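Please look through the structure shown here slowly, first as a whole and then piece by piece. The paragraphs after it are meant to be read with the model in view.

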Amino acid sequence: MFQFSRIPALALWAIIGIQISCCLSATAAETKPIDFNRDIRPILSDKCFACHGFDKGHRQADLRLDVAEGAFDNSRSTIAITPGDISKSEVWSRITTTDPDSVMPPPDSHKELTVAERELIKRWIEEGAPYAKHWSFEPPQAVAVPNTSHPVHNEIDAFLGQKLEERNLKSAPAAAKEVLIRRLSFALTGLPPSTADVKAFLEDNSDQAYSKLVEKYLDSPQFGEEMARHWLDVARYADTHGMHLDNERQTWAYRDWVIRAFNQNLPFDQFTISQLAGDLLPEPTEDQLIATGFNRCNVTTSEGGSINDELLYRYAVDRTSTTISAWMGLTGGCAVCHDHKFDPISQREFYQMYAFFNSAADPGFDGNALLTQPVLKLNMPEIRTQQQAIDEKLAAVQTQIDEKAATVAYQDPAAAEPKSETMMVENVWMEDDFPATGRVFASPGAATQYVESLEGGAVFSGKRAVKRTDAGLAQDVWDQAKEPLVLPQGASLFAYVWLDPANPPKAIMLQYHRSGWQHRAVWGDYEAIQWGAANTTERVGMGPLPEVGKWVRLEFPVEKVGLNPGDGLTGFALTQFGGTVYWDKVGVAGAVNPATDPQRSFQAWWQQIAGKDVAGIPDSLKELAKGGPKPDVDTALLQRYYVQAICESTKANFTDLRAQAETLKQERQRLEDSIPSTFVFRDMPSPRESFVMIRGAYDKKGDPVQPEVFAFLPPLQKADPNARATRLDLAKWLVAPNHPLTARVTVNRFWQQFFGVGLVKSSYDFGSQGELPSHPELLDWLAVRFQTSGWDVKQLVRLIVHSAAFQRDSHVDQELLANDFENRFYARGPRFRLDAEQIRDNALKVSGLLIDKMGGKGVKPYQPANIWEPVGFAGSNTRFYSQDKGESLYRRSIYTFLKRTAPPPFMSNFDGPNREQFCTRRERSNTPLQALQLMNDVQHVEAARVFAQRILKDGGADDSSKIRFAFQEVLSRQPAEDELQIVQSQLNAHRQRYQGDKDAATKLVAHGESSRDESLDVAELAAFTLVSSMMLNLDETLTRN
Amino acid sequence: MDPRFEYQVNQTRRHFFGDSGLKLGGLALAAMGLSNGSAMADTSSGMVHPPLPGLPHFKPSAKAIIYLHMNGGPSQLDLWDHKPGLKDYFDKDLPASVQGGQRLSTMTSGQTRFPCAPSKFKFERKGECGTWVNTDILPHTAKIVDDITLIKSINTNAINHDPACTFVMTGSEVPGKASLGSWLAYGLGSENNDLPAFVVFTPQFPNDSNGQALYNRMWGSGFLPTRYNGVALRGSGDPVLYLPDPDGVARGDRRQMLDALQALNQKTLQRFGDPETQTRISQYEMAFRMQSSVPDLTRIEDESAATLELYGPDVTKPGTFAHSALLARRLVERGVRVVQLFHRGWDQHGSLPYQISNQCRQTDQASAALVMDLKQRGLLDETLVVWGGEFGRTVYSQGTLTKDDYGRDHHPRNFCMWLAGGGIRRGYVHGETDDFSYNIVKDPVSINDLNATLLHCMGIDHSRFSYKFQGLDARLTGVESPSVVKALLA
């Protein structure tokens, strides 16, 4: 005899007894033939499959009940299920026994069967125990559209009508037009309708009025923004890496691509292929590469002490689970550690799917970098055009330089007779620019600034000087010199400095780099800059600050800071503590012999740079320069370069022209740096080997696996049958006509978007633990229609919003609530709270503050202090929130910078996910913290005040017309008489109060960075600000009705 | 939803709709999961944060929990786990037999030597129970050892901060799960109608310490509805986000605005009959009440001088650990279910003796004061206090090693936590480690065991406390089978 899992137990019959006494009301299932998937599978899945299902690792008594072969196996001494005969079905006796040692499910599983469930199982066995494949694993069938007596706009209503009739529910009439236009506008654009659109719609009595509106919204750019934000939850898009430092990452081009894809109505199959395998398409477009950012949106880390293999493993698991969930609506995460208990996904199959993603080229450690490879630099045609214009100007300047160089006389002292003698010279390292052979950088926060004049007069020499103002320690640094600056005999270092008399520094410092930055000279407060060991050559006090308000030459022998003639310097830094400081002409004075000095002898210079790549030399001369001095070659062009750029005795002739060229080059570089990049997905050149990971441990490798899809789904069609399967094969498989899940899962998510709940409520789980569809035929019909339409998203949306069900009045009475609390049968129209982004965008739109600029780097609108800071890592570049100014405060919420470890409160407070994992369905909470935010957040108080300004200016002469105006703008309708009275008395009270307290009024209207309209009476504006705030807090305002 | 829960919901729903009129009971709606975020008052109990039906599962020994999280990995060797024999091992390599070749952090896995660093501090036996404690830097906590259970054998799976913190707080190293506090708020609700059920503090920590990041997920609701998020009361600025009315709006103005709002919302309710509208009306009233109840909470001037003295001089400075600890007591006094303090800076890879002394200076007195204060008010019997970090530290030194200066790397294999109050054994030490505090030799307690025990004290059977997420019955205590550690219970 076989054994069900047998575990000692407590008697729980008492509880089951209670259930018997209040047994469930009659269900439709009792009168209709049993349907395995509808009636039986959910019971078995929840109560039995954990021990008697697909997971062979946890299977008890070697019994499977998930397939007929297991349940009917008559080779066993006791048969679990004998079709048609409960007396020969051990299952029946075990679920009905009173013996706590043998009852199923065992008491300590805390699972129990209700009386109704046992009855269903009994009837099912008696009817022959027919098994069926789980509903969502069979391809959707083209179902015939049923007839119904309910109003039908399109096929959707026919399917829904059938169920309404079965349930004897009456469908509500169409919503009022004022309600309908709001519902449609929020659903398609995420924004309220404009007053003009409302007026036009109300006046348009034609049959096409609604359709025209639908088309207008489908064509608006805001359509893409509204659709995209739902997908971005699935894609777990955010602007930071998500773990440890949680630094910024630059991948917003992906977000913009999603918006663009919806606006261009990219067919969903291409949408899929681009994201999963755009890089593998033949000659992929830029958009197709950007789209692969989908698989780079997962959280990453660079935490010291992490283990690279573990990180790579986690990222691949995340990508696999996300793909399984986003397209197939299955919960792959279970199979990471063991065979799935409920769905037929073995652990091996999970890792076969994982093998598609396990060769990712991105590193385990993200480097805390803005751009973690692989990244794609975007094509920015407008910037390229600007750069071309600069290149032309640059060529013209270069021509002038070359022409002039041909006219400047130069004789190499090395070749001169008699031989030159040692002489005292000044080698200037920095005149208008730092030497081209190194790197320039500055204190964080302010790039190096060059000025051509000062408050008190002119620069010391050349065209410009370096300026810096700072409250603390700050500097401009030149380092990483490819060519050391050699100190001559008797050398002394010098620099010219001008201190602002109005804002002198506490101290200034010159620093030099030989093998380290251990050579410092400081003027002024010796303790102000604590670098280097005190009273050594690491920090030498040179006395008080030089005189302010004039150029002063600082000069000292190199030995003073621990340097010697012959040393090569590879960097110097101009440092200050506080104040405003100008620097000009930095260099070294000393004794050289022109014949051997590279700054004076062409041949000496050429010898010095031989074999090296030196920055600044034109490309056409690089090879010649690097080759070193050779007889019998034409050196004219190289020498011409030397004369204009290097030679101390001649280069002053070119100062102006070279400064022009340098400015142009910097502008070109600035443009280059402004071109954003974005994360893309790519595989390593050769695939990483994949294994079943035992118990989901990154270092416990089991059997090797190859990329492959789940066996219970249609087979993979490989482009090359003999080669390893690719992500492109996988992506195409997902959108193949015979795939049972992708189309269903996708149309269900759109349905959820428009009706609040999906036809399958568990939009994240189409497996046997998920809920069954409320309208399976409709779901199939929509899925088939979606596929055969060419995965046309706009057409699907058009179809849904044209249904009568979408357009119904949402009124609900007690009886309907009792019969259909959640509106799963669509007798009434959908009514639910706006999403986080919509609530904020609505306030901005109604007030007139909204900036409709699209795309680009995430913006940082108002946010209370101490959201980022308390959780921020000390070294993180997202530790401190630095709020933007101007129009960035009023952009649509989809463009708000999202830091994963501390998301914006306006998002998290209204159930926006933190994007750490994919999210296919948001909660809709209703909390006091939301009320506080909408009443008191500066964003909303400002919006109320700006809206009040509109009311006062555009709302007509008297209170009544102003209140009517407010209703029309906020709610798209006119107030009823009693509503008018309620608002009028509110207004009266505020008006009286603020007329008596202008101070309070002035404070109230001062919130926000937009300036208040001073032409309006302050008490009146304050009173209407609170009226506006009230209007923006209405349930009706916050609800998509 | 738990099927049992669903069943009870059906009962409630039937009962509810038997009533006449449009009396939309909050419990019924919230329980049905149909009002989604509704947290309106339950018409029968008057509760804003009602418990789930059927909870607690049995009589709890604690009504509230205060969890003092010492973030960064406090060194068990320098606080609690006294190893006198180590002085003979100064600068000698940790025997390979002890190390056993297990996983090291990559911050020290490249070290060629693993020299032992005995603690420089003085340990004494204190209290009637004679528990060993570092009396140099825990002089105050040393006074309450008779009231606590010290666990020396806590262990974790994770070796880095982010996954270890996520694990200790949510039972999983991978982000996305619900935190301990959210689970409790979800299951047990709260007795206070004017304050959130789950409150969090992130007090200041020493400027020169190695402050690791905190993550909202440590008090986040994960897959649970977001109304179960911990509400972080802030040390600076407004204690609750957006709490005060804007400048220029007085209480009377707000009341007038709300009166108009509610009158219009009532009309909407009549027009559409949506229960969510009723909830929204309630929530705006709750918000209005919170605008008074929260400032009342933070008004510590009404505390006696003796109480303030007990917590130490920092207690009057908002944002300090001491101030937060006092507010924690005031919160549980008001019926709030869960309070967590996250004190950062315990990650001492170097200069450990100096830095850990600073850490203790900020936390020792107030942690002990909290226990004593609860006790003298008779609240300790019904309040569970937890103290601990996310992992321990290695016996071998990282970086500089002298008798007085050393650092320690992360050590997940064993570390110390203490528990006190509601249902916890007094004056007890649980678990033992080897002579190097490197391996557990007796009574290991996993994070999931610990969390199962905490839930047990709160009247919850962890194995029956689940939420459907991604096809799993997700539990705080994971898919393995952890056990309540009975030895810890009074």
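What follows is a walk from the overall picture to single residues.

This is a predicted model, in which local features need pLDDT of at least 70 and side-chain atom pairs count only at pLDDT 80 or more, while totals for chains, interfaces and linings use all residues. Residues are numbered from 1 along each chain as its sequence is written, and chains are lettered from A and ligands numbered from 1 in the order in which they are written. For the complex, the predictor gives an ipTM of 0.77 and a pTM of 0.75. Chain B has a mean pLDDT of 86, with 86% of its residues at 70 or more, where pLDDT is the predictor's confidence in each residue, from 0 to 100. Over residues 1-44 of chain B, however, pLDDT stays under 50.

Chain A contains 34 helices and 22 strands; these are DSSP runs, numbered from the N terminus, with helices (H or I) of at least four residues and strands (E) of at least two. The C-alpha trace of chain A spans about 125 × 85 × 55 Å along its principal axes. Of the 1041 residues of chain A, 49% count as buried, and a residue is buried if 20 or more other C-beta atoms lie within 10 Å of its own, exposed if 12 or fewer, and partly exposed in between, with C-beta atoms placed from the backbone. The domain assignment of chain A, which is automatic or taken from a database, gives domain 1 (13-132), domain 2 (155-225 + 747-819), domain 3 (423-592) and domain 4 (936-1040). Taken over C-alpha atoms, the centres of domain 3 and domain 4 of chain A are separated by 59 Å.

Where the chains meet, 73 residues of chain B are in contact with 84 residues of chain A, contact meaning that the C-beta atoms of two residues, placed from the backbone, lie within 7 Å. On the side of chain B that touches chain A, α6(B) gives the most, with 12 residues.

What of the interior? In soluble globular proteins, nonpolar side chains tend to be buried together. A nonpolar core is a set of buried Ala, Val, Leu, Ile, Met, Phe, Trp, Tyr and Cys residues joined through C-beta atoms within 7 Å. The largest such core has 308 residues, and those with the most contacts inside it include A:I800 and B:I65. Helix α34 (residues 1018-1033) of chain A gives this core its largest share, 11 residues. Leaving aside neighbours within four places in sequence, A:I800 is in contact with A:I156, A:F750, A:W751, A:F754 and A:F806.

Just after α24(A), A:G790 takes a positive phi of about 80 degrees.

A cis peptide bond, with omega about -10 degrees, joins A:M104 and A:P105, and A:P105 is placed in the loop between α5 (90-96) and α6 (115-126) of chain A. A:R236, a residue other than glycine, has a positive phi near 45 degrees, and A:R236 counts as buried because 23 C-beta neighbours lie inside 10 Å.
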